[in-house]
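Thanks, everyone. I'll keep this short. Let me put the model up.

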Amino acid sequence: MQHYYFHLHNRIGFVPDREGKPCPDLDEAREQAVRDIRSIISEEAKEGVIDLNGRIDIAGGDGNVLGVVQFAQAVELRTVPGSA
């Protein structure tokens, strides 16, 4: 199992992941990033503000970025047609 690091970039700034998480492959690491983003967004929603401008960089053990997941990619926004 590979070890991946999930570095957060959001309105607070850059938050490096110093511990990382084991994942069987990059696809699972992407799914983990999506789960992490959704958790962050759910906490923001409790405060009444959702900022979809952030991202998580997925890095390997050597520090190279292997993938990026934008906050906006982790959710589907729906609105009610005709509502104000």
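His3 touches Glu19, Gly20, Lys21, Pro22, Ala59, Gly60 and Gly61, leaving aside residues up to four places away in sequence. This is a predicted model, so keep that in mind. His3 belongs to strand 1, residues 2–10.

The side chain of His3 reaches the backbone oxygen of Glu19 at 2.8 Å. And a distance for orientation: His3 and Ala33 are 30 residues apart in sequence, and C-alpha to C-alpha they are 13 Å apart in space.

Now Asp17. Where is Asp17 placed? In the loop between strand 2 (13–15) and strand 3 (21–23). Asp17 is buried, yet it has no salt bridge. Lys21 is the nearest side chain of opposite charge, and it is 5.8 Å away. A salt bridge needs 4 Å or less.

What does the Asp17 side chain reach, then? The backbone nitrogen of Phe6, at 2.9 Å. The backbone nitrogen of Glu19 also lies 3.1 Å from a polar atom of the Asp17 side chain. Beyond four places in sequence, Asp17 touches Tyr4, Tyr5, Phe6 and His7.

Last, the rings. How many aromatic pairs are there? The count is zero. Phe6 does have a charge over its ring: the charged end of Lys21 sits there, 5.5 Å from the ring centre.

Notes
Residues numbered from 1 in each chain as written. Predicted model: local features only at pLDDT ≥ 70, side-chain atom pairs only at ≥ 80, totals over all residues. Heavy atoms only, no water. Helix = DSSP H or I, 4+ residues; strand = E, 2+ residues; numbered from the N terminus. Buried < 20%, exposed > 50% of the residue type's maximum accessible area, 1.4 Å probe, protein only. Lys, Arg positive; Asp, Glu negative; His and termini not counted. Polar contact = N/O pair within 3.5 Å; in protein donor to acceptor, adjacent residues only side chain to side chain. Contact = heavy atoms within 4.5 Å. Phe/Tyr/Trp six-rings, centres within 6.5 Å; stacked < 30°, edge-to-face > 60°. Lys NZ or Arg CZ within 6 Å of the ring centre and 35° of its normal.
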